[in-house]
Amino acid sequence: MRTISYLVQGRKRFGIGVFRKLYLDARLLRLRCDLVHFEFGALAAGRMDLEDLLGCPIVVSFRGYDLNYVGLEEPDFYRQVWRRASALHLLGDDLWRRAIRRGCPPDKPHALIPPAIDAGFFDPAGSERPASTGAPLRLPSVGRLEWKKGYEDAHVAVRKLLNRGIDCEYRILGDGNFLGALAFGRHQLGLGDRVTFLGAGSRDLVRAEMQKADVLLHAAVSEGFCNAVLEAQAMKLPVVCTDADGLAENVENGVTGIVVARRNPEALADALAALAGDPERRRRLGEAGRARVAARFRPEEQISAFAQLYRGVLSGRPGGQESLRSETSGVPA
């Protein structure tokens with residue numbers, strides 16, 4: 001019966017092309033879905049017909065890149081998503097405001113549910129952080145090698161630190177198409193012996209690097225929320241980052257790290273220099289970061305928030321979307 005309904009609905013929209021769509025969607029039909037959740041908005045664009053074809057509501061997540069730069073050349077890129085999704089999930093307030101700026105109705109049902117971190121795995125036990133100021137400041141970054149992560153600004157900030165006489169080592173975990181440009185920047189700035197590209201690393205490698213680091217450096221120019229920054233805080237590692245998009249919700253400025261304006265290597269260098277000479281402040285920021293992650297970004301709370309979102313969508317569907325409160329919220333950000 002689901003297949004017949006799919007063909008009837010699909011024939012009205014796609015004509016003979018419905019058979020190709022049926023082939024592509026056969027697995028979803030076999031699953032007999034009660035609800036479909038697109039984990040990224042960019043994946044949902046062009047697929048909102050599934051609401052009628054499968055006869056079930058759709059939830060769409062927006063996690064950063066899908067609102068910050070995907071489809072900017074088309075003003076109505078997400079028009080069907082805004083109109084037909086039963087509810088949206090966003091990582092934080094910044095992304096919700098961006099969704100509204102891109103055409104989402106302000107009364108659209110949505111839930112703000114940030115990422116969650118396994119604080120049992122990302123545990124600072126065994127960290128090798130010196131209590132003195134004599135050793136080089138050890139700075140990791142974690143993330144794909146692409147323009148939005150701001151690695152060029154991080155390189156310049158490291159160069160400025162060295163020019164001030166502050167010894168430091170910068171180690172980058174991540175891989176991507178931007179490696180060649182970053183390697184050239186490293187060479188151009190004379191950082192060949194201070195900047196190391198470690199490639200894509202496992203969770204174990206990320207944890208190991210954070211255990212022996214002093215400050216996480218995240219110079220992004222665009223960011224949804226950033227799991228790596230949460231992982232660093234769980235590891236009692238203070239963070240120096242930019243105010244790019246959701247980062248200002250992730251790091252509590254002056255409490256768990258230092259947040260500066262994006263595209264400002266001088267401000268990054270100032271923040272790093274302030275922490276380089278103050279191990280006690282680094283310790284306090286790290287302690288506060290661990291406590292904040294443990295209190296606000298727990299997997300149990302995230303699961304509960306998603307369950308609440310799904311129940312609201314399913315219970316609200318017969319009587320309309322108004323039964324799902326648009327301010328539904330999960331873990332506080």
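The model is a predicted one, in which local features need pLDDT of at least 70 and side-chain atom pairs count only at pLDDT 80 or more, whereas totals for chains, interfaces and linings use all residues. Residues are numbered from 1 along each chain as its sequence is written, and side-chain values use heavy atoms, with hydrogens and water left out.

Along its principal axes the C-alpha trace spans about 75 × 40 × 35 Å, and the protein has 15 helices and 10 strands, taken as DSSP runs (H or I, at least four residues, for helices; E, at least two, for strands) numbered from the N terminus. Of the 333 residues, 49% count as buried, where buried denotes under 20% relative accessible area, exposed over 50%, and partly exposed the range in between (1.4 Å probe, protein chains only). Among contacts (heavy atoms within 4.5 Å) with a separation of 6 or more, 67% come from residues 24 or more positions apart.

When residues up to four places away in sequence are not counted, L88 touches V60, F62, V81, W82, W96, C104, K108, P109, H110 and A111.

Q233 also lies in helix α11 and is buried, with a relative accessible area of 1%. Beyond its neighbours within four places in sequence, Q233 is in contact with V239, N250, V251, T256, G286, G289, R290, R292 and V293.

In helix α13 the buried residues are P265, A267, L268, A269, A271, L272, L275 and A276, and their cover includes β5 (137-142), α8 (151-163), β8 (216-218), β9 (239-242), β10 (257-260) and α14 (279-296).

A search of the whole structure finds 27 salt bridges, each defined as a side-chain nitrogen of Lys or Arg within 4 Å of a carboxyl oxygen of Asp or Glu. In one of these, the side chains of D25 and R47 meet at 2.8 Å, N to O. This pair links distant parts of the chain, with D25 in helix α2 (residues 18-31) and R47, 22 residues apart from it, in the loop between α3 (41-44) and α4 (50-54); D25 is buried at 3% relative accessible area, whereas R47 is partly exposed at 24%. R292 forms a further salt bridge with E252, the closest N and O atoms being 3.6 Å apart. Because R292 lies in helix α14 and E252 in the loop between α12 (247-250) and β10, the pair ties together parts that are 40 residues apart in sequence. R292 counts as buried at 10% relative accessibility, while E252, at 36%, is partly exposed. Within helix α10 (residues 203-211), R207 and D204 lie 3 residues apart, about one turn of the helix, and form a salt bridge with the closest N and O atoms 3.4 Å apart. A network of salt bridges links D94, R97, R98, D243, D245 and R262.
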